[in-house]
Amino acid sequence: MRAADGSHVDVVDLIVDSYADLDDPAAAANNLAQLAADLTDPDLRALMAEFYAALEHRLETTLANQHLPGAPDPAVAARILAAIADGTAIHWSARPVGSLRDRLRTDVGAVVDGWRRHKSKGTRT
């Protein structure tokens with residue numbers, strides 16, 4: 001995937017940018033508190049489903065264009081990274097040490113770096 005200006009987009013940057021609006025402890029706690037209500041309302045739950053479908057599609061497209069030999073199929077990898085990002089955002093909302101962006105970059109980046117460094121079977125490390 002390329003940005004509008006044609007430059008390469010990294011999947012970690014895409015996730016960090018997607019969650020940037022939550023990088024405020026007060027806003028994040030408010031959003032987390034609202035989550036239960038959103039899940040019980042069919043209309044709000046449908047909007048959440050649309051958000052996650054769009055996010056996973058963008059992640060899948062980005063992953064398909066990156067060299068990550070240890071990653072699973074791009075659709076599976078997109079779901080895994082979205083789940084890690086959500087978990088990180090929830091944990092950070094409860095205990096906001098540092099910035100959410102930094103935490104996401106560290107947590108998601110650890111997985112992506114592992115996929116990037118993966119050695120083929122038969123290759124010695």
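1. Helix 1 (residues 11-18) and helix 3 pack with their axes 9 Å apart, at an angle of about 160°. That angle makes helix 1 roughly antiparallel to helix 3 (angles over 145 degrees count as roughly antiparallel, under 35 as roughly parallel, 65 to 115 as roughly perpendicular and the rest as oblique). Axes are lines fitted to C-alpha atoms, for helices over the stretch in contact, with angles from 0 to 180 degrees between N-to-C directions. Helices are DSSP runs (H or I) of at least four residues, numbered from the N terminus.

2. The model is predicted: local features need pLDDT of at least 70 and side-chain atom pairs count only at pLDDT 80 or more, while totals for chains, interfaces and linings use all residues. Residues are numbered from 1 along each chain as its sequence is written, and side-chain values use heavy atoms, without hydrogens and water.

3. The crossing of helix 1 and helix 3 is right-handed (the near helix is turned clockwise from the far one by less than a right angle). On the helix 1 side, the contact (heavy atoms within 4.5 Å) is made by Val11, Leu14, Ile15 and Ser18, and on the helix 3 side by Leu55, Arg58, Leu59, Thr62 and Leu63. By class, this contact of helix 1 with helix 3 has 6 nonpolar, 2 polar and 1 charged residues (Ala, Val, Leu, Ile, Met, Phe, Trp, Tyr, Cys and Pro count as nonpolar, Asp, Glu, Lys and Arg as charged, and the others, Gly among them, as polar).

4. Helix 1 also meets helix 5 (residues 100-117): their axes come within 9 Å and cross at roughly 150°. The two helices are therefore roughly antiparallel to each other, and the crossing of helix 1 and helix 5 is right-handed. Val11, Val12, Asp13, Ile15 and Val16 of helix 1 make the contact with residues of helix 5 including Leu104, Val108 and Val112. This contact of helix 1 with helix 5 has 7 nonpolar, 1 polar and 3 charged residues.

5. For helix 3 (residues 42-64) and helix 4 (residues 74-94), the axes come within 8 Å and cross at roughly 125°. Helix 3 is therefore oblique to helix 4, and helix 3 passes helix 4 in a right-handed crossing. The residues of the contact of helix 3 with helix 4 divide into 11 nonpolar, no polar and 4 charged.
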